[in-house]
Amino acid sequence: MSGTPEDIKPEQLAAGQEPRKVRVVIVDDHAIFRSGLKADLDSRIDVVGEAGTVEQAVSVISEVHPEVVLLDVHLPGGLGGGGREVIGASAPLRGSTSFLALSVSDAAEDVVAVIRAGARGYVTKTISGPEISDAVIRVADGDAVFSPRLAGFVLDAFGTSPAEIADDELDRLSARELEVMRLIARGYSYKEVAKELFISIKTVETHVSAVLRKLQLSSRHELTKWAAERRLL
């Protein structure tokens, strides 16, 4: 899938510079899946390495130092730890490399295990090319990304004790803003929220901006934590 002109910032064009690309390693034991995924990623992403086993993954990651690793959870080789073992063996790079789990499994135990190991997100292989490209960019920017409903597993496993809900906080939000907030906090994309609530993506963006401003939050990650602490999901 090729990139679009919107991927390139005006200031980059003016300066004659190439737009920044996120350096990615794809780790999956099926070569044909790696090839298909590589073809689906858009022009914002530069695939700098591939691997099919735990050992290959650890070697490639340590050699090329990618920004993001797209990591299959159930991976052969190593000591049987699969994707978790790759993350653990790559601990020295954790400050500069983020891991996004990509799996056919949506089992709670798989999601929680790989997040405990240090992954920044978990998406299933039903995800589309544009969606996985956006997920990679978000993880590279420090966000946490989950397929819809999987975020609930993580919140259940890592959630803090219930906190008192401040009436004045909720009173700041309209009924529609509260609906949007809950879906965004659960990991839905703007497109999925728009489809769920029968509104436009632009309207979703407007509501999210209003929610973040009213709650004095700066990111989706902070919003998810805020909602989880108040058991609003």
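Contact here means heavy atoms within 4.5 Å. The model is predicted: local features need pLDDT of at least 70, side-chain atom pairs count only at pLDDT 80 or more, and totals for chains, interfaces and linings use all residues. Residues are numbered from 1 along each chain as its sequence is written, and side-chain values use heavy atoms, with hydrogens and water left out.

**View 1. Contact of helix 9 with helix 11 (residues 201-215).** Helices (H or I, at least four residues) and strands (E, at least two) are DSSP runs, numbered from the N terminus. From helix 9, Arg176, Glu177, Val180, Met181 and Ile184 meet Val204, His207, Val208, Ala210, Val211 and Lys214 of helix 11. By class, this contact has 7 nonpolar, 1 polar and 3 charged residues (Ala, Val, Leu, Ile, Met, Phe, Trp, Tyr, Cys and Pro count as nonpolar, Asp, Glu, Lys and Arg as charged, and the others, Gly among them, as polar). The packing angle is about 90°, with the axes 9 Å apart; axes are lines fitted to C-alpha atoms, for helices over the stretch in contact, and angles run from 0 to 180 degrees between N-to-C directions. Helix 9 and helix 11 are therefore roughly perpendicular (angles under 35 degrees count as roughly parallel, over 145 as roughly antiparallel, 65 to 115 as roughly perpendicular and the rest as oblique).

**View 2. Buried residues of helix 9 (residues 175-185) and the residue Gly187.** Glu177, Val180, Met181, Leu183, Ile184 and Ala185 are the buried residues of helix 9 (buried means under 20% relative accessible area, exposed over 50%, partly exposed in between; 1.4 Å probe, protein chains only). Gly187, which follows helix 9, has a positive phi, near 105°.

**View 3. Contact of helix 10 with helix 11.** The two helices pack at an angle of about 105°, with their axes 8 Å apart. Helix 10 is therefore roughly perpendicular to helix 11. Tyr190, Lys191, Val193 and Ala194 of helix 10 make the contact with Ile201, Val204, Glu205 and Val208 of helix 11. Its classes are 6 nonpolar, no polar and 2 charged residues.

**View 4. Lining of the largest pocket.** Of the 27 lining residues, Glu131, Arg138, Ser189, Tyr190 and Glu192 lie nearest the centre of the pocket. Elements that give two or more residues to this lining include strand 5 (121-124), helix 6 (129-140) and helix 10 (190-197). Helix 6 gives the most, with 5 residues. On a 1 Å grid over the protein atoms alone, a pocket is an open set of points where a 1.4 Å probe fits, with protein on both sides within 12 Å along at least five of seven lines; lining residues have an atom within 4 Å of a point.
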